[in-house]
Amino acid sequence: MVKEFQYDLHCHSNFSFDCNTKIEDLIKNAIKVGLSGIAITDHDTIEGVIETQKLGAPIKIIPGIEKTLDDGSHIIGLFVKKEIKSKCLFEVISEIRGQGGRVIIPHPFKEYTGLFRSEMKRTEEFKQYVLTLVDGIEIYNAKYSFSNNQLMKGIVLPNRLPRLAVSDSHYSFTVGRGRTGFSNEITNNRLPKNDSIYIETRSKSTSNQSGKPKKEMAMIKYVKIIAKMIRLYPFLKKLKINYLEHKNYRLKMKRIEL
Ligand SMILES: [Zn+2]
């Protein structure tokens, strides 16, 4: 079989307001789960990307940003070099392009932040027009529910458009839970059409919003309550992270040909 390059093009670090993951840990785990590279796409900043460039990571790191628009929607810029100033969709797209970057639509139907979420009441014409302006779209985001990902089936995508699977990881141990397979290495400023995506085999029925299995979440919740009572919380928190990290290395990913 020809070598395939697996990328996770949507990952967060502690430069995002809602993430505590150190870049070193993110990269360490990305290597452990066999990724060829990741994109660091923090919320509204490229500071983490600048830090990573100083580190000199042993795998390919694509500088990215997940920009919040004035209506709350998110847009991802890959291969960006500077912060994005505008918050207006078409200006953000042209700013990313102006830097030689590539534009991705993340989790299009996610409530509150998806560009095509139902509350926005976008027309079919609007969606199709935006799709002509972008370079890729997430068809699977491991952070969101099976039913949310299924909504992607209701949209007609242009043939040329790369269809991506990503983790949207906010923890080091969730990196790689959604991946995109490319037959060629991604080079600067180029996002080739991909051949495959990889999703978790268990994601159909057991994932919830945070990407953790429901049973585990329930168990963790009760253990947390008891642990707080007996002041063992910091110790058990560490134990939980170790357990989930360990579990991630045994992850089974299913390859889907596109
Ligand atoms: Zn994200």
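Predicted model: local features only at pLDDT ≥ 70, side-chain atom pairs only at ≥ 80, totals over all residues.
Mean pLDDT for the chain is 87. Of its residues, 91% reach 70 or more. One stretch needs caution. Over residues 204-209, pLDDT stays under 50. The model still has twelve contacts there beyond four places in sequence.

Now the fold. The chain has eight helices and ten strands. Its radius of gyration is 18 Å, close to the 18 Å that the globule rule gives for 258 residues, so the chain is as compact as a globular protein of that length. Along the principal axes, the C-alpha atoms fill a box of roughly 55 × 45 × 40 Å. Buried residues make up 39% of the chain. Take the contacts between residues at least 6 apart in sequence: 65% of them join residues at least 24 apart.

Back to H1, residues 23-32. Its buried residues are Ile 23, Leu 26, Ile 27, Asn 29 and Ala 30. A reminder on helix geometry: with 3.6 residues a turn in an α-helix, residues three or four places apart point the same way. What does the buried side of H1 pack against? Strand E1 (5-11), strand E2 (37-43) and helix H2 (47-55).

Next, H2. Gly 48, Val 49 and Thr 52 are its buried residues. They cover an arc of only 100 degrees around the axis, which puts them on the same side of H2. Their cover includes H1, E2 and strand E3 (60-68). H2 also has a glycine just after it: Gly 56, with a positive phi of about 65 degrees.

On to the core. The largest nonpolar core has 47 residues. Leu 9, Ile 38, Leu 78, Ile 104, Leu 164 and Ala 165 touch the most other members. Which element gives this core its largest share? H1 does, with four residues.

Ile 104 belongs to strand E5, residues 102-105. Both faces of E5 are covered. Arg 102 and Ile 104 are buried on one side, Val 103 and Ile 105 on the other. E5 also has strand partners. Strand E4 (residues 74-78) runs antiparallel to E5, joined by three bridges. In that pairing, Gly 77 stands opposite Val 103. Strand E6 (residues 136-141) runs parallel to E5, joined by two bridges. Here Ile 104 stands opposite Gly 136. Leaving aside neighbours within four places in sequence, the contacts of Ile 104 include Leu 9, Ile 76, Leu 78, Val 134, Ile 137 and Leu 164. Asp 135, Gly 136 and Glu 138 are also among them.

Two backbone points next. Most residues other than glycine have a negative phi. Asp 44 has a positive one, near 55 degrees. So does Asp 168, also near 55 degrees. Where do they sit? Asp 44 lies in the loop between E2 and H2. Asp 168 lies in the loop between strand E7 (163-166) and strand E8 (178-182). Buried or partly exposed? Asp 168 has 26 C-beta neighbours inside 10 Å, so it counts as buried.

Last, two residues in helices. Asn 149 is in helix H5, residues 146-150. Asn 149 is buried, with 24 other C-beta atoms within 10 Å. Beyond its neighbours within four places in sequence, Asn 149 contacts Tyr 140, Asn 141 and Tyr 144. Pro 106 is 43 residues from Asn 149 along the chain, and their C-alpha atoms are separated by 11 Å.

Ile 241 is in helix H8, residues 233-248. Ile 241 is partly exposed, with 14 other C-beta atoms within 10 Å. From Ile 241 to Ala 218 is 23 residues in sequence and 15 Å in space, C-alpha to C-alpha.

That's the tour. To close on the caution: residues 204-209 are the stretch where pLDDT stays under 50. Thanks.

Technical notes: Residues numbered from 1 in each chain as written. Buried ≥ 20, exposed ≤ 12 C-beta atoms within 10 Å, placed from the backbone. Contact = placed C-beta atoms within 7 Å. Core = buried A, V, L, I, M, F, W, Y, C linked by C-beta atoms within 7 Å. pLDDT = per-residue confidence, 0-100. Rg over C-alpha atoms; globule rule 2.2 N^0.38 Å. Arc of directions from axis to C-beta. Pairing = 2+ DSSP bridges.
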